[in-house]
Amino acid sequence: MAAKLLLVEDDPLLASTLRETLAVDEQHIDRISDGGEANARLSLEHGYDLILLDLNLPTRSGLDVLATLRNHDRQTPVLILTARAAIEDRVRGLDLGADDYLAKPFALDELEARVRALLRRRQQGHDEPLALGPLRLDRQRQHFTLAEATLSLPPREHRLLACLIRYAGEPVDKARLLDEAFVGETVGDNAIEVYVHRLRRRLADTDINLRTVRGIGYLLEAQ
């Protein structure tokens with residue numbers, strides 16, 4: 001069954017491009033260009049599988065729309081689309097319950113990958129454990145197990161691995177890791193490489209492979 005998406009974007013050219021791009025996957029896409037209208041639509045039961053939400057909207061901000069939605073709906077994934085570069089906007093959106101974000105301008109193939117990942121996570125259920133081979137993350141308890149044994153990790157390694165398992169099978173670039181695993185922290189590229197190296201050592205001699213995809217990022221996969 002085709003997914004039903006809501007695109008809240010006031011730029012008509014960008015909205016048209018996004019609708020054409022996402023329609024390739026036979027998804028049904030509604031569009032709203034005004035924040036007030038989106039707020040009214042999402043304050044009630046809406047029936048959408050995914051919401052793509054711009055932050056800079058007429059009459060009402062995307063953050064207000066997101067807050068209204070999360071008052072009664074914690075399940076529908078929200079992908080923020082924003083030209084805002086300030087870390088505060090991204091942090092605020094994630095704190096309000098957004099699941100992911102893309103900063104404009106972005107590549108359309110990256111948008112498609114993010115949409116697929118969020119729809120897949122919705123089908124799995126937000127509270128359902130994530131599993132990849134012998135590696136398992138209990139998302140309610142934020143607890144990793146490896147071959148049914150507890151995998152205790154320092155906080156930064158835990159957040160890094162949690163981010164990678166969410167995108168298992170897809171390469172994740174350093175910018176994405178910084179924004180999701182280390183949001184608000186000052187972490188350099190070299191530090192990420194150190195944490196990845198440590199995780200590789202912890203996953204050695206298992207069926208889980210954490211490899212570098214040159215020029216792209218890191219990929220967590222089952223052998």
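Trainee: Thr59 sits in the loop between β3 and α3. Why is Thr59 called exposed?

Mentor: Good place to start. This is a predicted model, in which local features need pLDDT of at least 70 and side-chain atom pairs count only at pLDDT 80 or more, while totals for chains, interfaces and linings use all residues. Residues are numbered from 1 along each chain as its sequence is written, and side-chain values use heavy atoms, with hydrogens and water left out. Helices (H or I, at least four residues) and strands (E, at least two) are DSSP runs, numbered from the N terminus. As for accessibility, buried means under 20% relative accessible area, exposed over 50%, and partly exposed in between, using a 1.4 Å probe and protein chains only. Thr59 has 67%, so the residue is exposed.

Trainee: What makes the backbone of Thr59 worth a look?

Mentor: Its phi is positive, about 70 degrees, although Thr59 is not a glycine. Most residues other than glycine have a negative phi, and most peptide bonds are trans. Ala147 also has a positive phi, near 55 degrees. Ala147 lies in the loop between β8 and β9 (149-150) and, at 57% relative accessibility, counts as exposed.

Trainee: What kind of peptide bond joins Lys104 and Pro105?

Mentor: A cis one, with omega of about -5 degrees. Pro105 is in the loop between β5 (100-103) and α5.

Trainee: Is Leu57 buried or exposed, and how do you know?

Mentor: Leu57 has a relative accessible area of 10%, so it is buried. Leu57 is in the loop between β3 (50-54) and α3 (62-70). Contact means heavy atoms within 4.5 Å; leaving aside neighbours within four places in sequence, Leu57 contacts Val8, Glu9, Asp10, Ser33, Gly35 and Gly62. The C-alpha atoms of Leu57 and Gly35 are 5.3 Å apart, though 22 residues separate them along the chain.

Trainee: And why is Thr145 called buried?

Mentor: Its relative accessible area is 15%, and that puts Thr145 among the buried residues. Thr145 belongs to strand β8.

Trainee: How do you know that the length of α8 agrees with its 15 residues?

Mentor: The expected span is 1.5 Å times one less than the number of residues. For α8 (residues 189-203) that gives 21 Å, and the end C-alpha atoms are 21 Å apart, so the two agree.

Trainee: How do the lining residues of the second largest pocket divide?

Mentor: Five are nonpolar, none polar and seven charged. Ala, Val, Leu, Ile, Met, Phe, Trp, Tyr, Cys and Pro count as nonpolar, Asp, Glu, Lys and Arg as charged, and the others, Gly among them, as polar. The lining includes Tyr167, Pro171 and Arg176, and helix α5 (residues 108-124) gives the most, with five residues.

Note on methods
1 Å grid on protein atoms, 1.4 Å probe; cavity = no way out; pocket = protein on both sides within 12 Å on 5 of 7 lines; lining within 4 Å.
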